[in-house]
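Reader: I am new to this structure and would like to learn how to read it step by step. Could you take me through it with care?

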Amino acid sequence: MPRRRRGLDLLDLVTRIFERAEAQFPDPQAVNRILLEASRFYDPLTGGPLLPHALRRQIVEWVEQGKREEASRLLRERLEFYARSVGETDRPIAIPPQEP
């Protein structure tokens, strides 16, 4: 499990990882490497990884196929799901949309 940095909570770290992944969307290999980092975080609601292999694979495949909107939507949905699972429903979380 990745270490926490001082001053950042887990949701902030996950949000930053997802932002880095989305910034790399033209490069599926870079996206896969970054999302692998997110898969090491634990999701208390599902009892498994924050980003299961099947979801990571789907995002990478969509990036390879040029389906950036779909991949971005799936990342956002997963981040919202994770925020709910750790009880952070009262604070806004969002990955800022990337410019095409």
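Predicted model: local features only at pLDDT ≥ 70, side-chain atom pairs only at ≥ 80, totals over all residues.

Reader: Which residues touch the most other members in the largest nonpolar core?

Author: That core has 25 residues, and those touching the most other members are Val-14, Phe-18, Val-31, Leu-35, Leu-50, Ile-59 and Leu-75. Helix 1 (10-23), helix 2 (28-38), helix 3 (53-64) and helix 4 (68-85) each contribute at least two residues to this core, and helix 1 gives the largest share, with seven residues. To take one member, Val-31 touches Ala-21, Gln-24, Phe-25, Ile-59, Val-60 and Val-63, when residues up to four places away in sequence are not counted.

Reader: How do I describe two packed helices?

Author: One describes them by the angle between their axes and the distance between the axes. Here the axes of helix 1 and helix 2 come within 8 Å and cross at roughly 170°; angles over 145 degrees count as roughly antiparallel, and helix 1 and helix 2 are therefore roughly antiparallel to each other. Ile-17, Phe-18, Arg-20 and Ala-21 of helix 1 make this contact with Val-31, Ile-34, Leu-35, Glu-37 and Ala-38 of helix 2, and the residues of this contact comprise seven nonpolar, no polar and two charged.

Reader: At what angle do the axes of helix 1 and helix 4 cross?

Author: They cross at roughly 175° and come within 11 Å, which makes helix 1 roughly antiparallel to helix 4. Among the residues making the contact are Leu-10, Val-14 and Phe-18 of helix 1 and Leu-75, Arg-78 and Tyr-82 of helix 4, and the residues of the contact divide into nine nonpolar, two polar and three charged.

Reader: Is Arg-78 buried or exposed?

Author: Arg-78, which lies in helix 4, has a relative accessible area of 12% and is buried, because buried means under 20%. Leaving out residues up to four places away in sequence, Arg-78 touches Phe-18, Asp-43, Thr-46, Pro-49, Leu-50, Leu-51, Pro-52 and Leu-55. Arg-40, in the loop between helix 2 and strand 1 (42-43), counts as partly exposed at 48% relative accessibility. The C-alpha atoms of Arg-40 and Leu-51 are 7.9 Å apart, although 11 residues separate them along the chain.

Reader: Where is Leu-50 found?

Author: Leu-50 is in the loop between strand 2 (48-49) and helix 3, and at 0% relative accessibility Leu-50 counts as buried. Beyond its neighbours within four places in sequence, Leu-50 is in contact with residues including Val-14, Phe-18, Ala-38, Tyr-42, Arg-78 and Tyr-82. Leu-50 and Phe-81 stand 31 residues apart in sequence, and their C-alpha atoms are 9.4 Å apart in space.

Conventions
Residues numbered from 1 in each chain as written. Heavy atoms only, no water. Core = buried A, V, L, I, M, F, W, Y, C linked by side-chain atoms within 4.5 Å. Buried < 20%, exposed > 50% of the residue type's maximum accessible area, 1.4 Å probe, protein only. Helix = DSSP H or I, 4+ residues; strand = E, 2+ residues; numbered from the N terminus. Contact = heavy atoms within 4.5 Å. Axes fitted to C-alpha atoms, helices over the stretch in contact; angles between N-to-C directions. Parallel < 35°, antiparallel > 145°, perpendicular 65-115°, else oblique. Nonpolar A, V, L, I, M, F, W, Y, C, P; charged D, E, K, R; others polar.
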